Structure formats: C-alpha cells, structure tokens
Amino acid sequence: MWEIITEALIYILPAYIANSSAVLFGGGKPIDLKKTLKGKRILGDGKTIRGFTLGLVSGSLTGVVIGIVKGNPKLALLGFLLSLGGLIGDIVASFLKRRINLKRGRPVPILDQLDFIFGALAFGSLLTVPSVDIILFIIILTPLAHLLSNRAGYWLGLKDNPW
Ligand code: CTP
Ligand code: MG
C-alpha cells in the first residue's frame, strides 16, 4: 500500500512541481497574447509564458534529480514529458473554460484539480505507462493534496480563501 503511494507520488512529482511552479512564478504576458476566438479569449490571462516556461524548467529539473537519485537517465526524459503534458493539460482546460464563457479564475471543480494530471499521464505514457493502481492513486490523491495545500496556504495567509 505505502509502496504504491510512494511510487505514485514519485512518478507524478515532476508534474506537481511544474504545475505549482507555474502558479508561484507565473505572470506577465499571456500565452494567447490576449487574442480572441469568436469574441472570447483563447486562453485568458491565467496562462502566461513565464508560468509555462518556469514550470517546464522546474518540472524537468525535478525529473533530472529523480533520474540521478534512481540511477536511471530515462526518468529525466519522463520528467520532461510529465511536466510538458501537465502544463498542456492545464492549458486545454482553460481553452475549454473560455469556450463555455467562464471568466479567468472561475472554478470548475475536478477539472481544475485534474486537468494537469490527465495531460501528464497522457504524455508520460508515451515513455512509461504506470500500472492501473498507480494511476488510480494519482487521480484520488491529487484532489486531496490540492485541498490540503489550499487549506495550508489559507492558514499561512498566502490565500484569501481555504479552497
Ligand atoms: N499560471 C501561469 N501560467 C500558467 C499556469 C498558471 O502564469 N501556464 C498562474 C497564473 O497566475 C494563474 C495561476 O497560476 O492565475 C493559477 O493557475 P490556474 O488556476 O490554472 O489559472 P486560473 O487563473 O484559474 O485561470 P483559468 O480560469 O484559465 O483556469
Ligand atoms: Mg484556477
């Protein structure tokens, strides 16, 4: 049980780091350059070039460290794929949210928490397909981890609301 959880967390860690680095370090020029599609923003101001780039770099570096620790260079490439996939998954979700007229930052529960996971798993699977139990643990643990980290951020005064 604990082995599967640890394995799941280590597998998905580069995507977690990529996604949270985009939130922490993001800002500036939006990826869609403020362009619209049929009168609606393509992605919105919440998806920035800096967030994407720094997310990709941090997630990939995480993969390099995991590769070194585990003595398997393939894990560095896996980290890059998981990070890229995660960031793209998040972008795809924003694209869909704008199409149904949701303004930047409006919540869509489950989609907001899992968009990057589906992207990461899709891209990561190009190299290594994890076992079904690992995939299930990742999908169950991620919304919980989100909830807990948002609570922690609220208690620490970093966020205005606990969700
Ligand atoms: N962020 C970024 N670049 C990215 C992803 C995230 O700069 N590629 C930053 C933005 O400051 C964004 C914040 O992280 O506002 C939170 O990300 P997210 O919740 O995914 O974006 P939202 O602002 O909620 O926008 P959306 O409605 O499009 O999901
Ligand atoms: Mg959001």
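Predicted model: local features only at pLDDT ≥ 70, side-chain atom pairs only at ≥ 80, totals over all residues.
Residues are numbered from 1 along each chain as its sequence is written, chains are lettered from A and ligands numbered from 1 in the order in which they are written, and side-chain values use heavy atoms, with hydrogens and water left out.

Around ligand 1 there are 16 residues, of which T48, S94, R98, R104 and G105 come nearest; a residue is counted as near if one of its heavy atoms lies within 4 Å of the molecule. Polar contacts, defined as pairs of N or O atoms within 3.5 Å, involve several side chains. An oxygen atom of ligand 1 is 2.6 Å from an N or O atom in the side chain of S94, and a distance of 2.8 Å separates an oxygen atom of the ligand from an N or O atom in the side chain of K47, with a value of 2.8 Å also computed for the side chain of R98. Of the 580 Å² of accessible area that ligand 1 has on its own, the protein covers 81% (Shrake-Rupley method, 1.4 Å probe).

The elements giving two or more residues to the shell around ligand 1 are α1 (2-25), α2 (49-70) and α3 (74-99), where helices are DSSP runs of H or I with at least four residues, numbered from the N terminus. The largest share of this shell, four residues, comes from α3. By class, the shell comprises four nonpolar, seven polar and five charged residues (Ala, Val, Leu, Ile, Met, Phe, Trp, Tyr, Cys and Pro are nonpolar, Asp, Glu, Lys and Arg charged, and the others, Gly among them, polar).

The space taken by ligand 1 is the largest pocket, a pocket being an open set of points on a 1 Å grid over the protein atoms alone, where a 1.4 Å probe fits, with protein on both sides within 12 Å along at least five of seven lines, and lining residues having an atom within 4 Å of a point; a molecule sits in a pocket if more than half of its atoms lie within 2 Å of its grid points. About 1,700 Å³ of space lies in this pocket, the volume being the space filled by probe spheres set on the points, which are joined across faces, edges and corners. Its lining has 44 residues, with N19, V23, H146, N150 and K159 closest to the centre, and α5 supplies the largest share, seven residues.

The second largest pocket has a volume of about 290 Å³ and is lined by 16 residues, including I10 and Y11.

Definitions and conventions. Polar contact = N/O pair within 3.5 Å; in protein donor to acceptor, adjacent residues only side chain to side chain.
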